[in-house]
Each structure stands twice: as C-alpha cells, then as structure tokens.
Amino acid sequence: MQASPLPGATPAASGSQRAGQPEERCDMCATPLDPVHSHVADLEQSALTCACRACYLLFTDAGAGRGRYRAVPDRYLRDPARPLTAAEWAELDIPVGLAFFLRSSQRGQVCGFYPSPAGATECTLDLQAWARLGESHPLVSSAEEDVEAVLVSRADAGVEHFLVPIDACYELAGRIRLLWQGFDGGAEARQAIEEFLGSVRARARDLVPET
Ligand SMILES: [Zn+2]
Ligand SMILES: [Zn+2]
C-alpha cells in the first residue's frame, strides 16, 4: 500500500472499534488520557500518536521538531482579510466541495484530501496553483509542515478556508469512514461534515498579520 501522509485515509478494520472503548493512554509513557488530548505526529510511521501533556511538550520546540516526532499545534485560524474567491478555488480544480491540504515533509510536497468512503482520498493538486494561492493568502502558507492543514469548503454562500490541526482532519476522516453510505456519503456523513465545519468556525481565531 502506498504510504499516505494521512494515516486516517487508509481503510482500517473498523469492526475492531467497539462501543465500550478501552481507556486511552499516552503512547509514549502510558499515562491515562482524557478523551480530549494532544497528539504528536510520528513522521517515520506516518501516524498520529496520542500524548499526555508532558510528552507532548517534549516535541513542541521548533528546534526539536526536526526529529521523528512533532507536536500537533492546537490552533485554528481564519483570515477574513484575505478570503478565497470562487475563481481561486476553481483554479485548484478540486472536484468536491470540501478538501484539506497538507504539506508533507516526507513527500516534499502538498497533498490534497477529500472525504470519501475510505475516510479521505488523496486528490491530485495543481502545485503551481497552490503555490500562487500561498503567495496571495498568508493563511495558506502559515500551515506548519506535517502537523497543520488548510481546510477549504465551498458552498453556495462562498468559499471558506481555515488553518486546522491535522488531528482534527484525521478525526473527521475516521467519522466519515464509519458513516459513509452510498454514492455521495448519505445524510449522516454530510451531517458529520457540517458539524465538523461548525466546530472549526467556532474555534477559529483571526490570523494576526506578521509585522
Ligand atoms: Zn506521556
Ligand atoms: Zn488520541
């Protein structure tokens, strides 16, 4: 199987997910974790590692971040000063209404993903169009390699774009994989996407321009 920078995108044995989930523990030191906890990206395994606060903090330093592990930041950003236009979105030629984009250090490029029966499916991305977008949209170029993604959603009302932590994308992909039905995903998958967008909107702060 091709290595994916988005492990949530590869189909897993969803049958093993039981209702009574065992208590989650830190993958590094086995400390019990709250349901809401931090994650560290394991760049070697292309996987997310659940981490307690103490272990998480070991990998937040930018200088330490060149190794195997990198802490996933918890910031959500929007940039009302530089909205994406429908024309700019169309230039990316993404055949769906919602996608997220992640710069992978292993692949040395930006990869795009959209919700699918597998959770998320990689889509071909016009890298030059993406680079142009980054030049005119600071939020797009602010996403930290491997641990943050740019989420773009196109609806009748317009195009929204956000910077989100990569673990939020994995979580969405996991939910979509469980809920997807039929050709277009069905009502439950659509609702999960709407809920996800709602929580992103609620958490997003405005991007502060660099001085
Ligand atoms: Zn720990
Ligand atoms: Zn976790």
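**Note on strand pairing, helix packing and the zinc site**

1. Strand E4 (residues 77–78) pairs with E9 in the antiparallel sense, over two bridges. Within this pairing, Leu-77 stands opposite Leu-163 in E9. The model under discussion is a predicted one, and the points below should be read accordingly.

2. E9 also pairs with strand E8 (residues 148–155), again in the antiparallel sense, and here the pairing extends over eight bridges. Val-152 stands opposite His-161 in E9.

3. Why can strand E9 be called largely enclosed by the rest of the structure? E9 spans residues 158–165, and six of its eight residues are buried, so the remainder of the structure largely encloses this strand. For this assignment, a residue counts as buried when its relative accessible area is under 20%. In the protein as a whole, 45% of the 211 residues count as buried.

4. Helix H5 (residues 166–179) packs with helix H6 (residues 186–203) at an angle of about 165°, and their axes are 9 Å apart. Angles over 145 degrees count as roughly antiparallel; H5 and H6 are therefore roughly antiparallel to each other. The crossing in which H5 passes H6 is right-handed. On the H5 side the contact is made by Ala-168, Leu-172, Arg-175, Ile-176 and Leu-179. H6 contributes Glu-188, Ala-189, Ala-192, Ile-193, Glu-195 and Phe-196.

5. Which residues coordinate the zinc ion (ligand 2)? The coordinating atoms are NE2 of His-37, NE2 of His-39 and SG of Cys-50, at 2.0 to 2.2 Å. Along the chain, the donors of this zinc ion follow the spacing H-x1-H-x10-C. His-39 lies in strand E1 (residues 38–42) and Cys-50 in strand E2 (residues 47–51), so this pair ties together parts that are 11 residues apart in sequence. His-39 and Cys-50 are both buried.

6. As to overall composition, the protein contains six helices and 10 strands. Of the contacts between residues at least 6 apart in sequence, 59% join residues at least 24 apart. The pairing of E4 (residues 77–78) with E9 and the zinc site formed by His-37, His-39 and Cys-50 are details to inspect alongside these totals.

Notes. Residues numbered from 1 in each chain as written. Chains lettered and ligands numbered in written order. Predicted model: local features only at pLDDT ≥ 70, side-chain atom pairs only at ≥ 80, totals over all residues. Heavy atoms only, no water. Donors = N, O, S within 2.8 Å, 3.2 Å for Na, K, Ca; no water. Helix = DSSP H or I, 4+ residues; strand = E, 2+ residues; numbered from the N terminus. Buried < 20%, exposed > 50% of the residue type's maximum accessible area, 1.4 Å probe, protein only. Pairing = 2+ DSSP bridges. Axes fitted to C-alpha atoms, helices over the stretch in contact; angles between N-to-C directions. Parallel < 35°, antiparallel > 145°, perpendicular 65-115°, else oblique. Left-handed = near helix turned anticlockwise from the far one by under 90°. Contact = heavy atoms within 4.5 Å.
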